[in-house]
Amino acid sequence: MTDRLYQQDSYLKTFQSPVVTATEEGVVLARTTFFPVGGGVQGDQGSLTTADGESYRVVETVDQDGEVLHRMDRPGLSAGSEVTGSLDWERRYALMRFHTATHVLCGVMFNDYGVKVTGNQLTPEKGRVDFSFEAFDRALLEEGFQRANAIVARKLSVNISYLPAREAMQRPELFKLETGFRHHLETLRLVEIEGFDLQADGGCHVSHLEEIGRLVLTKSENKGKSNRRVYFVLED
Ligand SMILES: [Zn+2]
């Protein structure tokens with residue numbers, strides 16, 4: 001299975017790897033720092049470059065049977081060759097900021113108001129979060145954003161650790177946000193916002209909350225009886 005370098009170091013921008021398989025569908029590498037779409041976060045884009053300098057675009061990254069599949073702009077790579085992978089870093093870093101910001105916002109909404117998140121869609125431009133929120137209250141939502149920004153202002157660190165899956169499964173509080181977790185894993189990766197929030201999460205995060213900037217609520221709308229859809233952007 002693909003060695004997911006981004007899980008050890010979300011700031012790794014380039015890497016080298018042999019090509020394991022190359023088909024019409026895409027390219028599987030022995031290791032990669034490309035994050036595959038999942039958990040409401042878009043997959044990475046970037047390039048794979050061969051030893052003789054031929055460069056191919058990675059247009060999408062997806063999970064496929066436990067492997068990370070890089071969908072390419074054109075064929076040409078072949079199994080056994082060595083490539084240098086390079087992330088579209090600006091895009092990825094924006095996604096990291098939105099992902100960590102979403103943990104902060106959802107942590108506040110749950111801890112302070114008992115409001116649960118039911119889904120999220122994060123792009124490099126904006127975040128969208130669905131909350132299960134019977135008594136919709138715009139003032140409460142704005143207060144939630146204020147509190148989220150107050151947490152960000154505390155400049156907490158974001159730490160990665162690992163826990164045997166059988167221990168993690170006995171702690172349901174670790175699974176409040178992520179859905180579709182890969183339950184066959186022996187070890188689960190935990191993302192902790194120092195002293196504030198802890199959850200099982202396989203994605204990419206900033207290492208300090210001040211990198212997020214400021215969460216700004218842009219729009220909220222009703223989506224069904226108790227589903228409130230919230231949009232936000234980040235300001236530096
Ligand atoms: Zn997450």
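The face of α3 turned away from its buried side carries the exposed residues Ala139, Glu142, Gln146, Ala150 and Ala153. Helices (H or I, at least four residues) and strands (E, at least two) are DSSP runs, numbered from the N terminus.

A word on the model before going further. It is predicted, so local features need pLDDT of at least 70 and side-chain atom pairs count only at pLDDT 80 or more, while totals for chains, interfaces and linings use all residues. Residues are numbered from 1 along each chain as its sequence is written.

On the buried side of α3 sit Leu141, Gly144, Ala148, Ile151 and Val152. Seen down the helix axis, these buried residues fall within an arc of 100° (taken from the directions from the axis to the C-beta atoms), so they line one face of α3. An α-helix has 3.6 residues a turn, so residues three or four places apart point the same way.

What do the buried residues of α3 pack against? Their partners are α2 (89-113), β14 (214-222) and β15 (227-235). Contact means that the C-beta atoms of two residues, placed from the backbone, lie within 7 Å.

## Helix lengths and what follows them

Just after α2, Gly114 takes a positive phi of about 65°. α3 is followed by Lys155, also with a positive phi, near 55°.

Most residues other than glycine have a negative phi. Lys155 has a positive one although it is not glycine; its place is the loop between α3 and β11 (158-164). With 11 C-beta neighbours inside 10 Å, Lys155 counts as exposed.

Asp65 is another residue other than glycine with a positive phi, near 55°. Asp65 lies in the loop between β6 (55-64) and β7 (67-72), and is exposed, with 7 other C-beta atoms within 10 Å.

Leaving aside residues up to four places away in sequence, Leu95 touches Val41, Gln42, Leu122, Pro124 and Cys204. Leu95 and Asp44 are 51 residues apart in sequence, yet their C-alpha atoms are 9.1 Å apart.

## Domains and overall shape

The protein is divided into domain 1 (3-87) and domain 2 (92-235), with bounds that come from an automatic or database domain assignment. The centres of the two domains, taken over C-alpha atoms, are 27 Å apart. In all, 10 residues of domain 1 are in contact with 15 residues of domain 2.

The secondary structure comes to 4 helices and 15 strands. The radius of gyration (over C-alpha atoms) is 19 Å, close to the 18 Å of the globule rule (2.2 Å times the number of residues to the power 0.38) for 236 residues, so the protein is as compact as a globular protein of that length. Its C-alpha trace spans about 60 × 40 × 35 Å along the principal axes, and 34% of the 236 residues count as buried.

Terms used: Buried ≥ 20, exposed ≤ 12 C-beta atoms within 10 Å, placed from the backbone.
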